[in-house]
Amino acid sequence: MDLKERIKVALGIDTKEQEVKLAYEAKLADGTIIVSEADELAEGVVLNILSEDGEQTPMPQGTYSLEDGTEFSTDENGVVTEVSAKEEEEEVVEEDADDLEKDKDKEYMSNNAELFAEVGNVVKELLEEVRKDITRITAELDELRGENLAKDENIVDLQNENIELSKQVNELGSEPSAEPVKARKFAANTTPKVELSRADYEKLSAQEKYMYNLNK
């Protein structure tokens, strides 16, 4: 035993008896540490504030909140007069309200199951009709495209034929006749028609062949 302990014993001071056992410790919402010899926070429990240097001071009178949301009140001696957990109660109420709403939804669905099934069948029928309409319209559009393509091909053929005929007319107009050919289709022809042989006919120009065939 050291000298300090001997002096305390001589003075009748028992250091072990002076040690205070702190069973409860918690933090306020502002970070202040509170302690108590009691096992839990409850009415009638004495609370002290524990400073950083380990000193304890009585809890001033007032209403406080712990970090977990628990609220309590103390009197002027630091004795707890009331303890409440409002946030927990609110959460329980909200959970009960959610459960009640879910139960209502389940009940509504159960009571109207037949109606929902009928609505589902109607929607399926409408979708099937829409699919059929889309198929029909697609087929009609394909048919119209085919017809337009055929028309375009016919127009191209006619244009090519017209160009070819124009070339032939231009060729006939540009070739001069070796001898003027006079032909009067509706006049009386007193002279007999001279028949040309194949060889002579081939010697005629295009314009002469035309006039020759016209007076036959």
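A salt bridge here is a side-chain nitrogen of Lys or Arg within 4 Å of a carboxyl oxygen of Asp or Glu. Keep that cut-off in hand for the opening stops. The model on your screen is predicted.

**Stop 1: helix 4**

Select Asp133 and Arg136. The two form a salt bridge, and their closest N and O atoms are 3.8 Å apart. That pair passes because the limit is 4 Å. Both residues lie in helix 4, which spans residues 113–174. Three residues separate Asp133 from Arg136, about one turn of the helix.

Glu140 and Arg136 are four residues apart in helix 4, so about one helical turn separates them.

Glu140 is partly exposed at 40%.

**Stop 2: helix 5**

Move to helix 5, residues 198–203. Select Arg198 and Glu202. They form a salt bridge, with the closest N and O atoms 3.2 Å apart. Both lie in helix 5, four residues apart, about one turn of the helix. Arg198 is exposed, with a relative accessible area of 62%. Glu202 is partly exposed, with 42%. Compare this with the previous stop, where salt bridges with shared partners join Asp133, Arg136 and Glu140 into one network. By the same rule, the count of salt bridges comes to five.

**Stop 3: helix 6**

Select residues 206–214, which make up helix 6. Which residues of helix 6 are buried? They are Glu208, Met211 and Tyr212. These residues sit on the same side of helix 6, because they cover an arc of only 100 degrees around the axis. Show helix 5 again: the buried residues of helix 6 pack against helix 5.

**Stop 4**

Start with strand 5 and strand 6. Strand 6 covers residues 71–74, and four bridges join strand 5 to strand 6. Pick out Tyr64: its bridge partner in strand 6 is Phe72. Ser65 has Glu71 as its bridge partner in strand 6. The hairpin of these strands has five residues between them. There, Gly69 takes a positive phi near 95 degrees.

Cross to strand 7. Strand 6 and strand 7 run antiparallel and are joined by four bridges. The hairpin of strand 6 and strand 7 has five residues between the strands. Look for Gly78 in that hairpin, where it takes a positive phi near 80 degrees.

**Stop 4: Thr74**

Stay on strand 6 and select Thr74, which lies in it. Thr74 is buried, with a relative accessible area of 4%. The limit for buried is under 20%, so Thr74 qualifies. What lies 2.8 Å from a polar atom of the Thr74 side chain? The backbone oxygen of Pro60 does. Now show what Thr74 touches, leaving out residues up to four places away in sequence. Among them are Leu47, Met59, Pro60, Tyr64, Val79 and Thr81.

**Stop 6**

Strand 2 (residues 33–36) and strand 3 (residues 48–50) pair in the antiparallel sense over three bridges. Select Ile33 and find its bridge partner in strand 3, Leu50.

Notes
Residues are numbered from 1 along each chain as its sequence is written. This is a predicted model: local features need pLDDT of at least 70, side-chain atom pairs count only at pLDDT 80 or more; totals for chains, interfaces and linings use all residues. Side-chain values use heavy atoms; hydrogens and water are left out. Buried means under 20% relative accessible area, exposed over 50%, partly exposed in between (1.4 Å probe, protein chains only). Helices (H or I, at least four residues) and strands (E, at least two) are DSSP runs, numbered from the N terminus. The arc is that of the directions from the helix axis to the C-beta atoms. Contact means heavy atoms within 4.5 Å. Two strands pair if DSSP finds at least two bridges between them. A polar contact is a pair of N or O atoms within 3.5 Å; within protein, one must be able to donate a hydrogen and the other to accept it, and residues adjacent in sequence count only if both atoms are side-chain atoms.
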